[in-house]
Amino acid sequence: MGVILLCLLGIFLVWRIDSPRVERFRAQVTDAIVPNFEWAMTPVTGAANLIRNFQSYQRLAEQNRELRSELRQMQAWKEAALQLEQENARLLDLNKVRLDPRLTYITGVVLADSGSPFRQSVLLNVGARDGIMDGWAAMDGIGLVGRISGVGNNTARVILLTDATSRIPAIIQPSGQVAMISGDNTAVPPVEFLESPELVRPGDRVISSGDGGVFPAGLLIGQVAADPGGRLRVRLAADYERLKFLRVLRHHGTEVVTDPGHIIAPVTPHTGTTAEAESPDG
Amino acid sequence: MAELTNARLWMMRFSFVGLSAAVIFFYLLPLQTAPRSWAGPDMIIALAFAWALRRPEYVPVLSVAVVMLLADLMLQRPPGLLALLVVLGVENLKSRALGLREAPFLAEWSVVALVLIAITLMNRLILGILVVQQAPLGLSILQTVVTLMFYPVVVLLSRFVLGVRKAAPGDARAMGRNI
């Protein structure tokens, strides 16, 4: 009894002192256990979702009508989007813009969630085996979902933007204000450390800024919204209700320009070094 | 007879571990990935408490500790702390089990409430002292209350489905504490 209590206390203290090591151990334990249950988790999750969907089946006719009217609106948008896409492609071509070719991604399936109402994270079925590394960004089709924190061999944990420990540097367009999106366990994380909040309006786009060099820049996070208290929050673009497939973006660090730039001088043919370099040949 | 009870003892010990594993499994299902404003009950703690007051021999210290530590690791809690507190709570309840054997359910429930609230408070206090990021207070309180509300359900289920009932005075010899 005493030994067991001491062990538990020891584990907790070690975790407090040397958190990364114990978190790695946690990732390994999760990695060893959860993939074994995948065969059971998938059908149970499917069944539960089926039951949950049942009530929405009941008002199918009403939903159908709503969807049709939405579809009509969407067709107008689609037309606009196609035109814009073509225009964008033309302009990019004219400008010879080179998009970041290294921003490739690996898609993973959500195996499990955090299992606790206090933490917001999901477990993906891709891990170190697939080259996943800590700190990479995870997106659904549209927006940023979170970052990788904790990689096992076959699994990786994504800390969602809504988790209380999540802090993502962001930039708010079009004003260009830099801010921090810090999760607080609610569906709409607040925007913090804004220099001049009066420049930011509800509806502005929030994208990741990549400050600090650990996170890719330019990923859509969501839109600014003001809560009833007047505090600015982000309505996330990703659909957090149904996280199933997540893209993990490969990120190899933001490149830094270290070269201060030199004076470009005309090439002088008769310097000592070139003479020495050429003498063995001639 | 002795063999039968022995087999049953080990079966119930394993079924505690198995049930806890099932609970963790259901917690981990990715059904709700958006943050929620409510918290479900902590069924493992309720189960451990209910059994500790009925059949202490079904929930030995080691299995409670292992199950809770595993839950801590899997559910992203600070590992070890809640396990430590729950083991202490279960041992405390075991020591009171004899006195509560004749008591009405309400008395048992209030003792369980006391222990559970103490565990929650200690958990928050220790995490606060060590400056660890904590869950929102409202959610912790809610989880404690919901766990307490589910306690009678757990008790009824363990009684009528698994046959875990309080030992009658004559049972002690038959159930064989001394294995």
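## The nonpolar core

In this predicted model, the largest nonpolar core holds 92 residues. The residues with the most contacts inside this core are A:V145, A:V158, B:A48, B:F49, B:M68 and B:V86. Helix α2 of chain B, residues 43-54, supplies the largest share of the core, with eleven residues.

A:V158 shows what such a position touches. Neighbours within four places in sequence are left aside here. A:V158 is then in contact with A:S121, A:V122, A:L124, A:A138, A:V145, A:G146, A:R147, A:I148 and A:L246.

## Where the chains meet

The contact between the chains involves 35 residues of chain B and 40 residues of chain A. On the chain B side, α1 (2-28), α3 (61-74) and α4 (81-97) each supply at least two residues. α3(B) gives the most, with six residues.

The side of chain B that touches chain A has 27 nonpolar residues. Six polar and two charged residues complete that side.

## Chain A overall

Chain A has five helices and twelve strands. Its radius of gyration is 25 Å, well over the 19 Å that the globule rule gives for 282 residues, so chain A is more spread out than a compact globule. Along the principal axes, the C-alpha atoms of chain A fill a box of roughly 85 × 65 × 40 Å.

Of the 282 residues in chain A, 29% are buried. Among contacts in chain A with a separation of 6 or more, 57% are between residues 24 or more positions apart.

## The barrel

Six strands of chain A close into a barrel. Their order is β1-β2-β5-β4-β3-β12, and the pairing is antiparallel. Neighbouring strands of this sheet are turned by 45° against each other on average, direction ignored.

β2(A), residues 121-124, is covered on both faces. A:S121 and A:L123 lie on one side, A:V122 and A:L124 on the other, and all are buried. Three bridges join β2(A) to β1(A), residues 105-113, in an antiparallel run. A:D113 stands opposite A:V122, and A:A112 has A:L123 as its bridge partner. β2(A) also pairs with β5(A), residues 156-160, over four bridges in the antiparallel sense. There, A:L124 is partnered by A:A156. Helix α2 of chain A, residues 19-33, lies across β2, β4 (144-151) and β5 of chain A. This helix runs at about 100° to β4(A).

## The open sheet

Another set of six strands in chain A forms an open sheet. The order is β8-β7-β6-β9-β10-β11, again with antiparallel pairing. β8 (191-192) and β11 (232-236) of chain A stand at the edges. Each has a single partner strand, so one side of each is left without a neighbour in the sheet.

The partner of β8(A) is β7(A), residues 177-182, and the two pair in the antiparallel sense over two bridges. A:I181 stands opposite A:V191 in β8(A).

## Backbone exceptions in loops

Most residues other than glycine have a negative phi, and most peptide bonds are trans. A:P174 sits in the loop between β6 (167-173) and β7 of chain A.

A:N185 belongs to the loop between β7 and β8 of chain A. With 21 C-beta neighbours inside 10 Å, A:N185 counts as buried, because the cut-off is 20 or more. B:Q76 lies in the loop between α3 and α4 of chain B. B:Q76 has 23 C-beta neighbours inside 10 Å, so B:Q76 counts as buried.

## An exposed helix position

B:A107 is found in helix α5 of chain B, residues 105-129. B:A107 has 12 C-beta neighbours inside 10 Å, so B:A107 counts as exposed. B:A107 and B:Y58 are 49 residues apart along the chain. Their C-alpha atoms are separated by 22 Å.

Note on methods:
Residues numbered from 1 in each chain as written. Chains lettered and ligands numbered in written order. Predicted model: local features only at pLDDT ≥ 70, side-chain atom pairs only at ≥ 80, totals over all residues. Contact = placed C-beta atoms within 7 Å. Nonpolar A, V, L, I, M, F, W, Y, C, P; charged D, E, K, R; others polar. Pairing = 2+ DSSP bridges. Core = buried A, V, L, I, M, F, W, Y, C linked by C-beta atoms within 7 Å. Rg over C-alpha atoms; globule rule 2.2 N^0.38 Å. Axes fitted to C-alpha atoms, helices over the stretch in contact; angles between N-to-C directions.
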